[in-house]
Amino acid sequence: MSATQSEEYWEERYRDREPEWGTNPNAALVAVLAPLDLTPGAALDLGCGHGGDAFWLASSGWRVTAVDVSATALTRVSAAAVERGLDVTTEQHDLTRTLPSGAFDLLTASYFQTPLDIDRDAILRRAVALIRPGGTLVVVDHGSAPPGSRLAHAHAHHVFPKPDETWASLDLGDGWTTVRVDAVVRRAVAPDGELADMTDNVIVARRAE
Ligand SMILES: C[S@@+](CC[C@H](N)C(=O)[O-])C[C@H]1O[C@@H](n2cnc3c(N)ncnc32)[C@H](O)[C@@H]1O
């Protein structure tokens with residue numbers, strides 16, 4: 001089957017990227033999850049990239065399924081997981097078309113954002129259906145363009161939705177309680193070494209038992 005637009009775009013990004021890039025957990029995810037003190041179980045990481053979040057979750061006791069459209073990224077994640085002895089299984093999906101199967105206690109999606117025109121809400125809604133009763137959804141999005149990124153250059157006028165707008169557009173219906181839906185500003189180092197304030201939009205929600 002020929003590569004999808006998402007696969008072509010993200011393959012090219014990862015082929016050019018240092019394999020070490022993105023292998024540390026996102027500070028925002030750690031800050032959000034650590035205080036929740038969840039009992040580890042099965043976790044699904046959507047758009048895992050080079051696996052930083054998946055590795056951190058697995059080292060905290062989660063059995064992680066790490067999904068991405070880029071085969072290059074996933075090959076690197078699998079190799080690093082074996083090397084580190086971490087319980088991370090990779091699955092390649094173009095999430096606009098297919099999803100993993102299974103049931104999960106935690107679904108994470110960190111910066112699952114793409115310049116391509118995809119129906120991300122629809123993907124998240126389908127993925128959220130895989131969360132078990134009592135399970136947790138954590139979405140961390142860029143609320144402003146990351147400094148030095150393609151987004152900053154190519155989408156200088158891009159309007160990022162506010163966290164409550166993203167939550168509303170997910171339209172998960174009854175059976176979900178929000179733990180937090182807010183924006184957090186943090187200082188980050190841009191690829192050129194400059195410091196910049198960045199906004200992360202954070203959604204944490206729990207499925208009813
Ligand atoms: C901005 S990166 C974030 C990566 C990682 N979560 C992190 O925080 O470093 C977005 C990720 O989503 C993946 N992605 C984009 N579109 C996708 C799709 N249609 N299906 C699956 N993964 C996709 C990309 O390959 C990329 O790894």
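Reader: Which backbone oxygen does the side chain of Thr23 reach at 2.7 Å?

Author: This is a predicted model, where local features need pLDDT of at least 70, side-chain atom pairs count only at pLDDT 80 or more, and totals for chains, interfaces and linings use all residues. Residues are numbered from 1 along each chain as its sequence is written, and side-chain values use heavy atoms, with hydrogens and water left out. At 2.7 Å from the side chain of Thr23 lies the backbone oxygen of Glu20.

Reader: Is Thr23 buried or exposed?

Author: Buried means under 20% relative accessible area, exposed over 50%, partly exposed in between (1.4 Å probe, protein chains only). Thr23 has 16% relative accessibility, so Thr23 counts as buried.

Reader: How much of the ligand does the protein bury?

Author: A backbone N or O atom of Gly47 lies 2.7 Å from a nitrogen atom of the ligand. For Leu95, a backbone N or O atom lies 2.9 Å from a ligand nitrogen. Taken alone, the ligand exposes 590 Å² (Shrake-Rupley method, 1.4 Å probe). Of that, the protein buries 93%.

Key. Polar contact = N/O pair within 3.5 Å; in protein donor to acceptor, adjacent residues only side chain to side chain.
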